[in-house]
Amino acid sequence: MPAFPYSTSPSTTAVAVPPALALTLVETAFPRQLHPYWPRLQENTRSWLLEKGLMPADKVAEYADGLCYTDLMAGYYLGAPDEVLQAIADYSAWFFVWDDRHDRDVVHHRPAAWRRLRFRLHAALDSPGASLHHRDPLVAGFADSVVRLQSFLGRGWNVRFARHFHAVIEAYDREFHNRTRGYVPTVEEYLDLRRLTFAHWIWTDLLEPSAGREIPTVVRKHPAYRRAALLSQEFAAWYNDLCSLPKEIAGDEVHNLGISLIHHHGMTLAEAIADVRRRVEKCVVDFIEAERDALRLADELDDGSLSGKELSATVKACVANMRNWFSTVYWFHHESGRYMVDSWADRATPPYVDNEAAGEK
C-alpha cells in the first residue's frame with residue numbers, strides 16, 4: 001500500500017506498508033500534514049544532538065535524518081511557534097536517546113549505572129539550571145530541554161509537566177527491574193505501565209504550549225477532552241507495540257502488549273498480533289466519536305467573552321493535533337530506521353546506538 005506521496009526525510013522515499021500493519025482508515029481519514037518549519041527543525045535538532053554530545057558525530061551523520069525523529073514531531077504539533085516546536089523536537093530526540101540508554105543498561109546488566117541516571121534525571125527535573133553542565137550528556141541535554149519547555153507557559157503547567165515526568169522516570173525504573181528479572185507483566189499491569197513509559201500525559205501536556213495557552217484543569221479533566229487525548233496516545237503506544245514486536249522479541253524484551261498476551265493469555269504470535277491490531281483499530285474508530293464530543297465541548301466554552309473565545313480556540317487546536325498524532329505516528333513507524341530490524345546486522349542491537357560511548361567497552 002503506497003505511503004504519503006513524499007517522505008519528510010530526504011533519505012527515504014514513499015514506503016509500502018506491510019499488509020499486517022496497514023490501517024486503511026488512518027490512511028484515508030487522517031490526512032498527513034507537516035509543519036512548515038520542518039526542514040530547519042531537522043537541521044537544528046541534528047546540530048543540537050551533536051552540540052550536547054547525545055550521539056557521536058558519525059552516528060548523527062549516518063542515522064539521525066533516517067530515524068525521522070523530527071518528522072514525528074513536525075507532523076504532530078501543527079500551529080506551534082517555531083521555537084516551541086524546536087524545543088519539543090529536541091526533547092523528543094533526547095527521549096529516544098534516553099530510551100536507548102535505558103535499553104543498553106538492561107541488556108548489559110548495569111543496574112548501578114541506571115540507578116545513578118534515574119536519580120540524576122529526577123534532580124535535573126527539580127532544578128534544571130543546576131544540571132545544564134552535568135558531565136553526563138544525557139542529564140545535561142535533559143536539563144536544557146526542561147529549561148526551554150518550561151519557559152513558554154506559567155508555573156501551573158511547569159509543575160504539572162515535572163510531576164508527569166517524575167512518574168515517567170519511575171515507570172522506566174519498574175520496566176528496568178521487570179526486564180532484568182525476566183518478569184512479563186500481566187496485560188492490565190502492562191497497559192497501566194505503558195501509559196507512563198510512553199509518556200501519554202507528557203505529549204498531551206505539550207499540546208498546550210503549541211497552542212499558546214494553558215488549559216484550565218476543569219477542561220483538561222473533562223471526560224470529553226480526556227478521552228480524546230487518551231485514545232490518541234493509546235493508539236500510538238499500541239501501534240508502536242505492533243510494529244516493534246519483532247525487534248523486541250529479538251531483543252528478549254518483556255514489555256510489549258503482544259508479549260503479555262502470549263505469556264499470560266496463551267496466545268500464539270499470530271493471535272497476539274491480531275488482538276493488538278484489533279485494539280489499535282478500535283482506538284481509531286473510538287477517537288472519531290471522542291473527537292466530536294471534544295469539539296462540542298470547545299464550542300460550549302465559547303460563551304461570547306474574549307476569554308471564552310480564546311479558550312475554545314485553544315481546545316480546538318489541541319484536539320486537531322490529537323488527530324494529527326494518528327497519521328504522524330503511523331507513517332513514522334514505516335519510515336524510521338528505528339523499526340527496520342531486518343536491515344540490521346544484529347537484530348538485537350540497533351546500529352544507531354554507540355555501545356562504546358555508553359561505557360560498553
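Let me start with two helices: α9 passes α14 in a right-handed crossing. This is a predicted model, so take what follows as computed from it.

Helix α9 covers residues 187–197 and helix α14 covers residues 257–265. Their axes lie 9 Å apart, and the packing angle is about 165°. Angles over 145 degrees count as roughly antiparallel, so that is how α9 runs relative to α14. As for who touches whom, α9 contributes Val-187, Tyr-190 and Leu-191. On the α14 side, the partners are Leu-257, Ser-260, Leu-261 and His-265.

Next, the aromatics. A pair of rings is described by how far apart the centres are and by the angle between the planes. Are they buried or exposed? Phe-95 is buried, and Trp-98 is buried too.

Phe-95 and Trp-98 are also members of one aromatic cluster. Among the other members are Tyr-91, Trp-94, Trp-114, Phe-142 and Trp-157. The cluster also includes Phe-161, Phe-165, Tyr-172, Phe-176 and Trp-203.

Last, two arginines over rings. The charged end of Arg-226 sits over the ring of Trp-201, at 4.3 Å from the ring's centre. Arg-323 lies over the face of Phe-30, and here the distance to the ring centre is 4.2 Å.

That is what I have.

Conventions
Residues are numbered from 1 along each chain as its sequence is written. This is a predicted model: local features need pLDDT of at least 70, side-chain atom pairs count only at pLDDT 80 or more; totals for chains, interfaces and linings use all residues. Side-chain values use heavy atoms; hydrogens and water are left out. Buried means under 20% relative accessible area, exposed over 50%, partly exposed in between (1.4 Å probe, protein chains only). Rings of Phe, Tyr and Trp (its six-membered ring) pair if their centres lie within 6.5 Å; planes under 30 degrees apart count as stacked, over 60 as edge-to-face and the rest as tilted. A charge sits over a ring if NZ of Lys or CZ of Arg is within 6 Å of the ring centre and within 35 degrees of the ring normal. Axes are lines fitted to C-alpha atoms, for helices over the stretch in contact, and angles run from 0 to 180 degrees between N-to-C directions. Helices (H or I, at least four residues) and strands (E, at least two) are DSSP runs, numbered from the N terminus. Angles under 35 degrees count as roughly parallel, over 145 as roughly antiparallel, 65 to 115 as roughly perpendicular and the rest as oblique. A crossing is left-handed if the near helix is turned anticlockwise from the far one by less than a right angle, and right-handed if clockwise. Contact means heavy atoms within 4.5 Å.
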